[in-house]
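Here are my notes on the model, point by point. Have the structure open while you read.

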Amino acid sequence: MTPVWLTDSLMPPYKAVLFHVSATVKQQSCNPVLVRYAGLSLVSLCFLLVAARAPGGNVAARVVDNLYGTTFVSPDEGWAVGAFGSIYHTTDGGKTWRQQQSKTLEQLFGVAFANREVGWVVGRTGIVLHTRDGGNTWKQQATLGKHLFHVAALDDKTAWAVGDWGAMVVTRDGGRTWQDRSFERDVILYAQSWPDPLHGWVVGETGVVLRTTDGGETWEELDAGIGKTLFGVHFTDTQRGWACGLDGLILRTNDGGKTWEVLRGNPEISGLEQVGVAEQLENASLYDIVVHGRTGVAVGDIGTIFFSSDGGKTWERKQVPGEWKLGWIRSVALVANGAGMIVGAGGLTVRIDGQRLILAEGR
Amino acid sequence: MLPREWIEGYLYFLLRRRLAVSLVVGAGTLFFIWFTATQLTIFTSFFDLMPPKHPYIELYIKYRNMFGTANQLVMVVEATQGTIFDDPRIIEKVDRITVDLLHNVPGVNGEQVLSITHPKLKTTLTSGSGIKVVPLMYPRLPQDKEDMEFLRQKVYTTEGVRGFFVSPDDTATLITAGFWEEYFDLNTMWRRVQDIVQREEADGLVKIYVAGPPVLYAYFNEALGKMGYVFLATGVAIVLLLWFYFRSLQGVLIPVFSGLMSAIWGLGFAGLCGFTLDPLVLVVFVLITARALSHSVQSMERYHDEYFLTQNKHEAIVRSYRALFPPAMVSIVADGLAILTIAVASIPLMQKLAFVASFWIISIFLSVVTLHPIILTFVRPPKSHPPGRRISDAIYEGISRGLIAMGQGSLRWFVVALFAVTMAFGVYFAHKLKTGDTEPGAALLYHDHPYNVAFRKLNEKFVGVASQLVIIAEGKKPEAIKEAKTLNDIELFARHMTQGEGANGNITAATLLKKIYRTFREGDPKWEMLPTRDDHIGQLFYLLTAGTSRGEMDRFFSPDYTNATITILYRNYNNDIIHNAIDRAKAYIAEHARPDDSVRYLLAGGLLGILAATNEEVEWSYRVNVPLIFCVVFILSFLTYWSVLGALIVMIPSIVAQPLSEAVMYLAGIDFNINSLPVAAVGIGIGIDYGYYVLSRIVEEYEETGDFDEANRRAILTTGKAIIFTCTTLVVSVVFWLFFPLKFQAEMAFVLMLLMIFHAAGALLFIPAMVSLLRPRFAVARAEQRAEAVLLQAGAGR
C-alpha cells in the first residue's frame, strides 16, 4: 500500500523508487518515522537532481563554445549564441549564464529579440529558430539552405536575416513564412542595421553596402569607396552610421551611407608580402560595431576592442589581458548607460560597464 | 604434512652425498654467476610497461606512425628575464636544441620533433590579395629587435602556436621530441639532453625544464647508482644484526651465504631468460633476499637449540631439519607460487618479475633447506652457553613473555577483537584505493624533485601538451574522412569529450579544415565551420596538404584520407580523469556509432590511452591475483595441516594484511599502479611463513605437552624468538630505502615494513590466541596418533 505522504505529483520513476524503498523498509519492520524522513530526503534529493538536470534549469552553465552573436533587451537581460547550437541566457547582466535548449548542434551565428519574449536565432545551413517565451522553448522555423549570419528583429512579426550567396530573407508573420529577397550578386552579407522599420543597411563582402528606405521593398547598392569586406554595421538614425571590417577598418557616414569616412584601419588593398602578419596585428579585422549615445564599441580579431566616448567620432584601442589576444571577439551589444556585452572565442563573455570590461563569473 | 620418512630420507641423502650435492649446487651457482655477470640488464623498457594484448596498446602500436609515440620528451625553455621575444639569442637556442634533438639524439622520431623554429610549424599570411602558408620562422631566424617583433606578431596571429608552443605570458617556449621505443637508448639520450641543457643554460639567458616519460625513466636510471649505498648500508646492518643475535662467525656467514646464493640464482635466472629488470621493483628482490636470510636464521636458531639439548652435532642437524622441513618447504612453495600468480597480468614487467621472483624464492630450498644441513656438518658446533645469559636473549624473552600473556586468558579475546577491528579498518579504506596515478609524476618522485618541478612548470605554462587522449576514427572505406558527415561526427565526438572532466581542448582534422575554411573567408570566425558538401571538404583537404611535406599531417589523418585522429587535451591527468575520459568515450560510441557510419571509433592512444590500458590491466590482474594467492596458500596450508581450520588460522593474518596494505596505501597517498602492485602482492603472500613456523611449532609442542597454552608458550619462546629476530632483519633490509631519493621506493619500503611487522604480529599474537581459543582438532588428533605410535614403539621394544 502506498504511504499517504507520497503524493501523485511526483514523477513516476521516483514514485516507484520511493514505493519500493518504503515497502522494503516496512518489511524490515523499521521505525515509520525514520522511514518517512528517509523518504522525504530521497524525494528532496530526486527533486534536486531533476532540477539540476532539467533543460533550462537554474544551474549556471560554464560557457566554453565559441560565441558568435549576442543581444540584450535591458542592461541585465540578454542572450548569446554560438557553436554546436548553444544558446545562453542571462538575467544579471552576464554575471552568470544559463543554457537554453536549441535542439540543434548547428552553429548559430545571429540572435535578435523584438522584446523580452519574441526572438529569432539564425545559423549554419540557414537554420532559423524562434521563441515566443524568452527562450524557454525554441522551435525550428526553417532551414533555408544558405548560411545566415545575422538576424534583425524589427517587431514581433518582422525579422530580416542575411547571409551567404547574397541571402536576404524576411518574415512579416512572426516566422510562419519567409520570403526570399536575396541580393542578385554572389556576395556574402554579414550584417544589417535597422534604426527604424523603414530604414535598413546591409554590409558584406568586398565592401558591399545595401540600403532600403521602404522597409525592404527595394534595396539600392551604395558605394562605400573601399573594396574590403565589411563585417559589421550600425546606424543610430537614418543618417548616422558606422561600419567595420577587414584590416581594422572603421568607417563613418553622416548622410545615410552615401559617403563614408575612414576613421581608422587600412583601406588599401596591399600586396601579400607587405600586409602579412604585421598588418593582422596592427589592423586586426573588426567584426562588429555598436554606438549608443556617446559610447561606441568595436570588436574584432586577436582580442581587439576599440572604444569611443564621443559618440563614435574617435576610437581608441582598449588594452586587454594577454590571454584574450589568443582569441577573437565576434559580437557586441550595447544598451542604455553604456552597459553591454561582448562575446567571442571559447565562450568569452565580457560585460561592458561604461569603459570598464568585466569578465563573467568563473572565467 | 610431508611423511616423516621422506624428510628423513632426504636429510640422510644430503648428509651421505654431501660432497656431490655441494658440487652440483656449486656448479649451478657458477652457471648463474656467469649469466648474472654477462646477461643481466637493469633498466626500464617502455614496452615492458604496457600490456601488449590490450586493445588500446594494439591500437597504439598499429597507429604509432600516425599519432606519434607516447614516449615523448618535452622541454620548456623559459627566459630568465622578460619574454622569449626580448633577445634573438633565445630563439637561436631553441633552434639549436631542435636541430640537436633531430640529429644527435638516438631513437628520436623525426616527425615528432616540434618547436617554434621547426619548419613544420606554419603560419598563414593573408591579405585582401591572397594567402600564403609559410613556416613560422619565415623568412629567417630573428636577427634583431625588429625581427623579434615580427616573430611575436606571427606567434600572436597563428592559431595553435600561442598556448601550445609559446606560453600565454610569452616567457617560455616548448620543444617536443618523440622516441621510437625500440630504438631508444636511455643513457645516451639522457647524456645528450643534459649536455644540451648545460650548454644552453650556461649564459644565464634561459632556464630549461625537461619532462616526459623518457626523462622520468632517466631519473630512475640515475638513481640506480645510489642504490649501491642502500645495499651496502642494508648489508652492514644485517651483518651486525646477525652478529648481535648469534655472536659467532658462522651465525653471520651462513645466513649471508644463503641470501647471496639465492640472489645469484635469481639474478642469473633473469639473465638466462634475457629479462631486463626494472629499477623500480628492485625493492622486491631485496625483500626476497631478506627472506632467504630469514629462513636461514630460523634453521640456525633451531639447530642451535637442538645442539644445546643434545650436544650432538649430527643428531641436532637431523632433529632440527626434520622439524623445520615441513614449515620451511610449505612457506617457500607458498611464497614462490603466490608471487608467480602476478604473471596473470599480461604486462611484461610484471610477468618477468613474477618468474624471476618465484624462481628466486624457490631457490631458497637449495640455499637453505638443502645446503644448510651440509654446511653444518662441515663447521664446528656452536659454543654452548646457558640460555638467558646474553642481553639479547633477555630482550627477546621479555618480549616473548609479553606475547605469551596476550595469547592466554581474556586477553585472547582482545587480540581477536583487535584483528577484527584491523580487518574492518582495512576493508573500509581499501575500497577507496583507485588504480593509477593520483598525481602525474608525483607517484614516483618527491614533490621537489627536478622532474616534478619541470612537470609543474610544463602544466603552468602549457596546457594539455603532456596529457593527451587519442581516439582513432578508422575508415571502413577509402577516403572515409573526406565525407562531410564523417568529419561532422568526428567534430561532435571531440566536442563531447572536451566537455568531460579535466579536458581543455581538442584537435582533429576538422579543426584544421575549419581554420583553412575561415582563412579563405577573410578570417571571419563565423566561417570556422565545416562545409556541408563532400566536394568542398575535398577542396579544403587539398588546400591544407598542398603547403605541407610528406608526413606532416599524419598526426591528424592518414595520407589516404581513410583514418583520422581525435586528440583530446587535458590540463593534467590522474586516475579519475583517465577513467572518466575512457568511460565517456565508450558511452558516446555506444550511443552514437551506427553500422552505416563510414568510420569506427577505436580507443585509445596518447599517454592517457596507454595509462588507461595499464591501469585496466593492473586493476584486473590485482583482482585476480589476490584470490589466486589465497587459493594457493589455502591449498598448501590445508595439505600441510590437513585441516581447514588449521589452514584458516595460519592464513588469517595474510587475509587481514591484504585490505590493510591497500588501506595504508590509500591513507599514505601511495598510488596503486604497475610499480606498486607487485610489491603489494609480494607483501601479502610473503609473510605467511611466520605463521607456518609458529603453528607447526605449536602442533609439535602440543604433541609433547598435550596442553595448548603450554605449547603456545614453548613455541613463542623458541620459534617466536627467531621470528622477532627475522622480522627485525626484514625491516632492516628495507628500512634504508626510506631514505632513498625516489619517493616510490621509500613508500614501498614503508608499506613492506608495516606488512612485515603486521605478519609477525599476526603469527605471534593471533595464531596462539586462536589456537588457545579453538583448540584445533587436527593438532589433538596428531598428538593422539603420535602418542599411539610411541606406545606401539614402546610395546614393540618390550
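1. Which residues touch the most other members of the largest nonpolar core? They are A:Val151 and B:Ala357, in a core of 342 residues. A nonpolar core here is a set of buried Ala, Val, Leu, Ile, Met, Phe, Trp, Tyr and Cys residues joined through C-beta atoms within 7 Å. Helix α25 (residues 743-774) of chain B gives the largest share of this core, 19 residues. Leaving out residues up to four places away in sequence, B:Ala357 touches B:Val284, B:Phe285, B:Ile288, B:Ile339 and B:Val682; a contact means C-beta atoms, placed from the backbone, within 7 Å.

2. Some ground rules. This is a predicted model, in which local features need pLDDT of at least 70 and side-chain atom pairs count only at pLDDT 80 or more, while totals for chains, interfaces and linings use all residues. Residues are numbered from 1 along each chain as its sequence is written, and chains are lettered from A and ligands numbered from 1 in the order in which they are written.

3. Chain A in outline: three helices and 28 strands. Helices (H or I, at least four residues) and strands (E, at least two) are DSSP runs, numbered from the N terminus. Chain A has 363 residues, and 49% of them count as buried. For burial, 20 or more other C-beta atoms must lie within 10 Å of a residue's own; 12 or fewer makes it exposed, and anything in between partly exposed, with C-beta atoms placed from the backbone. Of the contacts in chain A with a separation of 6 or more, 42% are between residues 24 or more positions apart.

4. Take a look at the open sheet β1-β2-β3-β4 of chain A, four strands with antiparallel pairing. Strands pair if DSSP finds at least two bridges between them. β1 (67-72) and β4 (98-100) of chain A are at the edges with a single partner strand each, so one side of each has no neighbour in the sheet. On average, neighbouring strands of this sheet are turned by 25° against each other, direction ignored; the axes are lines fitted to C-alpha atoms, and angles in general run from 0 to 180 degrees between N-to-C directions. Between β1(A) and strand β2 (residues 78-82) of chain A there are five bridges in the antiparallel sense, and A:Phe72 has A:Gly78 in β2(A) as its bridge partner.

5. Chain A also has an open sheet in the order β9-β10-β11-β12, with four strands and antiparallel pairing. Its edge strands, β9 (148-153) and β12 (179-180) of chain A, each pair on one side only. Strand β10 (residues 159-163) and strand β11 (residues 168-171) of chain A run antiparallel and are joined by four bridges, with A:Ala159 opposite A:Thr171 in β11(A).

6. On to chain B, which is divided into domain 1 (4-38 + 218-436 + 613-797) and domain 2 (56-211). These bounds come from an automatic or database domain assignment. The C-alpha centres of the two domains of chain B lie 54 Å apart.

7. Why is strand β2 (residues 72-79) of chain B largely enclosed by the rest of the structure? Because six of its eight residues are buried. β2(B) runs antiparallel to β6(B), with seven bridges joining them; B:Val74 has B:Thr176 as its bridge partner in β6(B). With strand β7 (residues 206-211) of chain B, β2(B) pairs in the antiparallel sense over six bridges, and there B:Ala79 is partnered by B:Val206.

8. Helix α8 (residues 249-272) of chain B has 24 residues and spans 33 Å from first C-alpha to last, close to the expected 34 Å. The expectation is 1.5 Å times one less than the number of residues. After α8(B) comes B:Gly274, with a positive phi near 75°.

9. A few backbone spots to check by eye. The peptide bond from B:Leu603 to B:Ala604 is cis, with omega near -15°, and B:Ala604 lies in strand β12 (residues 599-605) of chain B. B:Asp170 is not a glycine, yet its phi is positive, about 65°. B:Asp170 sits in the loop between α5 (145-157) and β6 (172-179) of chain B and is partly exposed, with 18 other C-beta atoms within 10 Å. B:Gln311, another residue other than glycine, has a positive phi near 55°. B:Gln311 is in the loop between α9 (282-310) and α10 (313-340) of chain B, and counts as exposed because it has 11 C-beta neighbours inside 10 Å.

Conventions. Two residues are in contact if their C-beta atoms, placed from the backbone, lie within 7 Å.
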